[in-house]
Every structure is written in C-alpha cells, then in structure tokens.
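Hello,

The structure we discussed is below. My notes on it follow.

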Amino acid sequence: MSPKHLMPKFNLGLKHYLSLKGMLYVGTFFILLMSFIGHLDSLSYCKTSHPMVVEPVGMENNVEYRQRVPYQEGDITAFELNFGTYRRSNKGVLKVSMLRDSHELQSWEIDTANLSDNAYQKFNFTNPVRMNRANSYFIVLKNQFYGQNNIIFYVTNNVNSTNYIEFNGKDVVNKSLAVSYIKTYSELISESGLYKKAFAIFLFVLVLVMSLFVDPRNIKALNYLLLLVIGILCIRALDYNLFQHVAQTANIKEWQKSESVDTISQHTAKKYSINYSRAFDTLKIYFEGDRKENIHIKLLDKDGTIFINQALNPQDIIKDARSGKNLITIDQQKKFQPGSYIVEIYNDGTDDVEVSTLQDGQLNFGVSVNTFLACKIMMIIIAILLVYFAIMFVWICSGKNFTVENWFLLTAIPIATIYLILFNPLSQNDTDTHMSATYRLSNKLLGYSESDEWKGRKEDAEFLSNFGIDMSPSLRTYADIIYHFHLKCENSEIVDLPNPQPRMNFYSFFNYLPQAIGFTLGRLLNLGTVLSIYLGRILILALYIFVIYRNIKKIPIGKWIIATVALLPMSLMMSSALSYDAMVIISSLSFITCVFRLLKDQSVCLYLESLVWAFIAGAVKGGGYVVMLIPLTFLLFHYSKMKRCVYQICGLAIVGLFSVLLFDKILPASLGFQFGLIGGGAMAAAYAIHEPMQYLDMAMATYLTEFDTLSINVGGMRLAWGGEQTIPAAVVVLFMLVGGIQSVFEKDEIRLRETDRWILIFIVVIGILAIPAMLLSNTPVGFFRSFGVQGRYFLPLLPILYYVLTKFSLHTPDKSNYVQIMQKGSVCLSVLVVFEVYYIMSLYMTR
C-alpha cells in the first residue's frame with residue numbers, strides 16, 4: 001500500500017469509523033482521554049511511600065496501641081495502615097483514631113469481618129489536618145472482638161527513638177506502625193481544573209485531527225496509533241511515580257560547614273540575632289551533641305512579637321542527614337516575612353547546650369520554603385513530551401519521506417528545551433568560571449574599558465554571589481531562579497563582579513560569542529539577570545540545533561552518527577550551557593561534516609566553509625581538537641586529484657594551526673594557554689612535547705584509574721557539576737548502541753575504502769593520547785596523572801570511533817527495508833530519550 005493511503009483526503013468522512021477497526025481506534029482514544037482526565041485528580045495528591053514491613057503484631061482485646069505521628073509537611077487528607085487477617089473470619093469492631101495531644105480529631109469504626117488480608121486500609125479525614133510542631137499527634141488502635149479474632153497490624157523498624165509504637169503505655173523498641181500519609185497539594189487544587197481543560201482540549205484536537213487525516217482501515221496507521229498510546233501511557237506511568245516522591249520543601253539556606261560552637265550553661269539563656277532577605281516557612285537551628293531535653297526556645301521579631309515560646313520535646317530534635325547535626329525546626333501557619341529575628345535559647349537542664357555557630361559567632365541557621373514548583377515544572381515537561389509524541393506520530397503516519405535530519409529536529413527542539421529547564425544556568429561543569437568569561441565578553445561588546453571588564457550591574461553581581469554553594473539541580477536551585485527572576489533589571493548600578501577570573505582572558509571570544517550576544521541583548525533591553533542569562537542560553541541552543549540539523553542534512557555518510565552524538569545526554573546538557581563545550585561540539589562536528597562532504601563535492605563554496613570551521617575549531621578550547629582532526633583531511637587523497645588534494649589539506653591545516661597560534665600565543669601576549677611552558681605550580685601541554693615518555697606514563701595512569709568512568713560518562717551517565725550518577729549506564733549505553741545499529745543499516749551516498757579505516761583509527765589514537773595533555777594546565781607539577789579529564793572531552797572523537805565501528809566490515813545497508821528499520825530505530829531512540837528525561841527528573845525533582 002502506498003504511503004498516500006496513510007494520508008487520505010479531507011472528505012474521508014466518519015463512516016469508516018463505524019467499522020470494527022474504526023471503533024477500536026475511536027474507543028482507544030476515548031479511554032485514553034478519560035484516563036488522563038481522571039488521572040489529573042491524583043496529581044493534586046502525594047502519598048508517602050509505604051514503609052518496609054518486618055513483622056506482624058497480633059491485636060489483643062480492648063488494648064490500646066498508640067503511635068506518634070512524625071511531623072508531615074502540608075495538609076494530610078488520609079492515611080493508610082496495613083492489616084492482616086490470616087484469611088480467617090473475625091467478629092468485632094476495630095476503632096482507629098487520630099489525636100492531637102489528648103483531643104480526638106476523628107475516629108473510624110470498622111467491622112473486622114470486612115477487613116482484607118494483608119492489605120492497606122485507607123482512613124479519610126473529613127477535613128484535612130495540618131500539623132503544628134507545637135502539638136503532638138497520635139494514631140490510636142483499639143480492637144474489641146466478640147469471638148474469634150485474628151486481626152494483626154504490620155510494623156516496621158525504620159524509625160527513630162521518638163516514634164516507637166506504645167503498647168499498654170510502654171514503647172515497643174525498634175517497632176513502628178507501617179503507615180503512609182496522603183497529603184494534598186492544596187495550591188494545585190484550584191489549578192487542577194485548568195490542567196484538566198488543557199489536556200482535554202489537547203487530546204480532543206488530536207482525536208479530531210486523527211479523524212480527518214488517518215484512515216482506520218490501514219493497519220499501519222493502527223500500528224503507529226498503538227505506539228503512540230504506549231508512549232503516552234509510559235509517560236503517564238512515569239509521571240505518576242515521580243509525583244509520589246516530588247519535593248515540596250526547598251532548603252534555600254542550609255547549614256554552613258563550621259566547627260564553631262557556642263556553649264549555653266545550665267539555667268542560662270542566650271539571644272542570637274538573625275537576618276534573612278527572603279520570606280520563608282521554616283527556620284532550622286543546629287545543635288552539637290545529643291542533648292535533647294530541658295531546652296526552651298523563643299522566637300521574636302524586631303518589634304517584640306513572639307512567634308514561638310515553648311519547651312522542646314525530645315522528638316522535636318531530629319538528626320539532619322546533610323550536616324549530621326541535631327536540629328530543631330520552627331514554623332507557623334503563615335510565612336515568616338523577610339527581616340530580622342531574635343532567637344532566644346534557654347538551657348533548663350544540668351548539662352551545657354552547644355549551639356552551632358559561624359566563625360563570627362553568628363547563629364548557623366537554615367531556612368526552607370514550602371513550594372509546589374517541582375510539580376509545576378514536571379507538568380510543563382510532561383506536556384512537552386506529550387506534544388512530542390503526538391507530533392512524531394502524526395509525522396510518521398503522514399507518509400512523508402522519513403529523513404534523519406527531520407527526526408533530529410523534531411526530537412532536539414522539545415528534548416533540548418527540557419534540558420534547558422532542568423539544568424539551571426550554573427549547574428553545568430565549571431560554569432561559574434565560564435559565566436564570568438561570558439560576562440567579560442559582554443562588557444567588551446558594550447564598549448567597557450579594560451579596567452572595567454570585570455564589572456557589571458549590581459543585580460547581576462548579587463545573583464552570582466547569592467546563588468549558593470551546591471549548584472547541582474534541586475528544588476532549591478529552581479526556587480532561587482524564580483526568586484531572582486525579574487522582567488526588568490531592578491538595580492543597574494555598576495559594581496565589581498564577584499569571583500573575577502583573569503585567566504579567562506586567554507580564552508578566545510569564539511568560545512562564548514552566542515551566549516555573550518544574548519546576554520548583551522538582554523542588558524541593552526534592561527532585562528533582569530535571569531532573563532538575560534536564559535536569552536544567551538537560548539541563542540547557543542538555537543545555534544546548536546540549527547548547525548547540527550544542517551550537518552545531518554548535508555553530510556553524505558553517517559547521518560545517524562551525527563544525530564546520535566548530538567542527542568546524547570551529555571551533548572544536550574552542554575548545548576545550552578554558558579561554557580565553551582557547545583561551541584566545541586558545534587565546530588568539531590561541522591569540521592567533520594565538511595571534510596566528508598569534500599569527498600563528494602569539490603565546490604569552492606564548500607571548501608571556504610571548511611576553512612571557516614577549521615578556523616573556529618582552532619579558536620575554541622585552545623584549538624586542541626582541530627589539531628587532532630586535521631589528519632581527517634587525509635581522506636581526500638582517495639577522492640580528488642593529488643595536486644588539488646594537497647592544496648586543500650595544506651589550506652585547512654594552515655588555517656586551523658594559525659587560529660591556534662593566533663588565539664593561544666599571539667593575542668594573549670603571554671606564554672599561552674595550551675602551549676605554554678611549565679610554571680606557576682602547574683604544568684602545561686608543552687610538557688607532552690618536552691618529556692614524551694613521562695607524559696605517556698601520566699596518560700596511561702590517567703586511563704588506568706578512570707577508564708571505566710570516562711568510557712561510559714562520555715555519553716552522560718553523570719551530569720551536572722556534582723558528578724553524581726544521573727542516568728543509569730545501561731540506558732546511555734543502549735542509546736549509543738541503537739544509534740550505532742542505525743548507522744550500520746544506513747544507506748550512505750558514498751562508501752569509505754578499507755584504507756580509510758586506518759586514517760580514522762590513527763585519529764582516535766592521537767586523540768586519546770592528546771586529550772590528557774589539554775588538561776596539564778590544571779595539573780600540579782609532580783602529579784602522577786593528568787588532573788580533571790572528563791568524559792565530555794571525548795565527544796568530538798566519538799563520531800570518528802563510530803565511523804570505525806559501523807562503516808566498514810559491519811556496514812550492511814538494507815535498501816528494501818531501509819525506511820522501516822530507520823523508523824523503528826528512531827522510535828526506540830525517542831523512547832530512550834524520554835527515559836533519560838525521567839531519570840533526570842527523578843533525581844532533581846525529588847530533592
């Protein structure tokens with residue numbers, strides 16, 4: 001059946017939908033629509049995970065079991081308890097109550113004959129309960145039976161010493177009720193109707209479009225419909241899991257590492273003054289030691305208004321996982337407003353109380369805010385993924401010619417946008433340093449003098465200095481971005497920038513030009529700091545997508561190789577970064593594309609374009625990659641006349657090396673960035689030339705100690721600055737493997753010769769030996785290996801390795817089933833991309 005049958009004329013009518021296949025088609029979409037509308041109700045709720053049960057406890061007659069409820073953020077709408085009956089009949093009444101101190105908030109009576117075995121029983125509150133730290137809350141169980149009784153409840157030992165279950169007034173050590181709490185995102189309830197309408201309208205339009213343009217008689221259309229349904233249901237399942245663990249509290253100020261303490265003697269009070277410029281919900285105060293009794297705390301504002309004045313219970317003092325300190329949290333129904341507060345701590349015991357302080361004696365405190373920002377970000381990302389799947393489905397079903405470049409464009413725009421959202425401006429590696437270089441270049445574009453090149457707007461300086469210590473993405477960093485977001489700059493006073501980086505003077509302007517242009521445009525329009533930064537990120541991202549799209553479209557061999565490398569998690573993260581990595585990927589892939597295009601097209605325009613990319617590649621990251629990739633031009637010997645080939649190779653080599661010398665040696669007027677001499681306590685790349693054998697030992701030691709990490713992380717197993725595992729290695733490796741399989745079966749316009757393999761292998765070997773030398777400028781003299789080698793530095797070499805592995809003995813293009821193979825492979829890659837996004841969100845949205 002021809003592809004045209006997949007895209008019938010508009011006047012197809014609705015009669016075909018009365019057939020069995022048609023009703024299946026419409027029914028599937030109707031069920032999907034209802035499922036999403038119904039599921040949106042659950043997005044307003046979050047249930048704490050069920051604890052691990054360790055053993056059952058049999059309930060005795062008329063005995064009260066009391067469990068203290070640990071403090072829960074937000075409104076509790078219900079809780080669940082795990083009961084068992086051993087599948088036997090029971091007769092009696094089980095009474096379950098929720099107490100606040102000694103006051104009963106609500107109680108439930110259950111006929112024990114109706115209890116299910118080994119199942120959670122849900123208890124709904126008539127009115128949601130919001131806990132107050134000044135009160136104690138309890139769940140109380142009491143079983144009254146009139147005959148045979150086999151009722152048990154399950155307990156867990158994952159508790160602290162203040163939450164043991166009480167039996168006959170005594171604690172059962174290391175045991176607690178297996179209970180989960182269902183909390184309401186009250187802030188989202190009012191918005192859920194809007195989300196329902198948005199999704200309903202979206203799916204209704206999708207069904208309408210399918211009704212007009214897809215013929216249900218065509219089995220291929222139904223196959224693609226099934227893929228769409230599977231994809232959307234996968235997103236539904238993934239987002240449901242995420243919403244169960246989404247973070248609701250952002251720790252916008254955390255404990256600062258300090259060994260200073262202030263001692264409060266017995267029967268003595270001390271006052272501490274704190275000041276914070278942002279509204280917050282919870283104040284955290286840290287203590288040294290294990291003292292938990294006879295401590296009284298009072299919180300006042302500068303006008304003397306008392307917010308908290310109470311004696312602390314032992315259960316009010318908990319262990320902080322991050323600092324390892326004991327802490328107390330102070331909150332109230334309303335937010336604490338910005339300003340000054342006084343914390344008074346009274347020691348009513350016989351032992352000293354040690355309070356964590358800073359070096360200057362100020363209180364070492366933390367603050368947090370309750371926010372639903374993570375939920376909203378996830379809703380946006382899920383909506384983008386739904387649109388992505390819908391567009392991909394309509395495009396494949398349309399019957400239009402499938403091309404790699406169009407698939408890349410349809411995938412890169414939404415997925416790269418998601419990466420732009422998930423990775424904050426300073427989360428990519430070393431971006432604080434590159435941010436300073438970008439700002440300096442922006443100052444140059446605005447005409448600042450050399451003496452003022454490290455100055456900027458006060459709002460910009462405050463953003464950079466107050467952003468925080470831990471810049472790995474988390475709810476705190478997203479809350480910081482929102483807090484600093486202003487449409488217009490609110491303080492344009494010119495001040496010194498924090499953390500200037502004079503060594504960045506040695507980096508050429510090509511490293512940061514797109515980002516600097518966007519940032520400069522924002523400053524000219526007097527936009528706020530965050531908006532100006534994101535304008536620069538959007539410009540480099542747009543350039544990245546456009547150039548890679550053009551490279552895939554023009555390159556005559558290995559289109560899937562370029563697409564796969566460009567869509568790796570590491571590449572997507574750096575595609576919108578403020579660092580030079582985006583320009584490194586752009587220039588390297590463009591140079592590779594131009595060389596392979598020269599094998600087929602010897603036009604003057606193409607050769608001039610090749611010279612431009614050779615010059616740019618020589619100007620970014622010290623020019624190290626153009627030095628490695630120049631041997632790629634030796635491929636021209638087999639595809640053009642000898643004389644012309646020599647001229648082309650020499651021209652590209654001269655332009656690339658001249659760019660390296662120009663930006664590394666001549667313009668900086670110094671010893672150079674990559675090719676300087678040893679000095680200043682650090683080494684330089686010239687060491688690899690002066691002492692080749694010692695350098696080879698260093699390179700070997702580097703790969704022996706870090707090969708496993710580098711080989712996998714080149715694709716992006718570890719993202720952001722923290723170096724923590726973000727995406728499972730299996731997912732990244734599978735994505736790279738599917739991309740390689742696509743390349744094996746790909747129909748190329750030209751075919752490489754067997755001797756070309758050795759040229760490509762030579763480039764890979766040279767690159768592996770040379771990349772550690774690029775990091776010698778960061779390596780202390782005498783260190784046994786090259787310091788700071790990371791997986792992303794190998795991205796420009798990855799396409800060459802792909803060509804070696806997939807374009808010679810393994811290359812078996814299937815012309816008869818080419819379209820089907822490419823489409824199925826692209827679907828696999830699209831699904832893997834979505835799973836990568838899921839794993840990123842599951843880490844960053846839940847902390």
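Helices here are DSSP runs of H or I with at least four residues, strands are runs of E with at least two, and both are numbered from the N terminus. This is a predicted model, with local features needing pLDDT of at least 70 and side-chain atom pairs pLDDT 80 or more, while totals for chains, interfaces and linings use all residues. Residues are numbered from 1 along each chain as its sequence is written, and side-chain values use heavy atoms, without hydrogens or water.

Cavities. The whole structure holds six cavities of 30 Å³ or more (a cavity is a set of points, on a 1 Å grid over the protein atoms alone, where a 1.4 Å probe fits but cannot get out; lining residues have an atom within 4 Å of a point).

Helix α13. Its 18 residues reach 26 Å from first C-alpha to last, close to the expected 26 Å at 1.5 Å a residue (1.5 Å times one less than the number of residues). Of those 18 residues, 18 are buried (under 20% relative accessible area, 1.4 Å probe, protein chains only).

S427. This residue sits in the loop between α5 (404–422) and α6 (431–445). S427 counts as buried because its relative accessibility is 0%. A polar atom of the S427 side chain lies 2.8 Å from the backbone oxygen of N424.

Regards

Key:
On a 1 Å grid over the protein atoms alone, a cavity is a set of points where a 1.4 Å probe fits but cannot get out, and a pocket is an open set with protein on both sides within 12 Å along at least five of seven lines; lining residues have an atom within 4 Å of a point. Grid points are joined across faces, edges and corners, and a volume is the space filled by probe spheres set on the points. Buried means under 20% relative accessible area, exposed over 50%, partly exposed in between (1.4 Å probe, protein chains only). A polar contact is a pair of N or O atoms within 3.5 Å; within protein, one must be able to donate a hydrogen and the other to accept it, and residues adjacent in sequence count only if both atoms are side-chain atoms.
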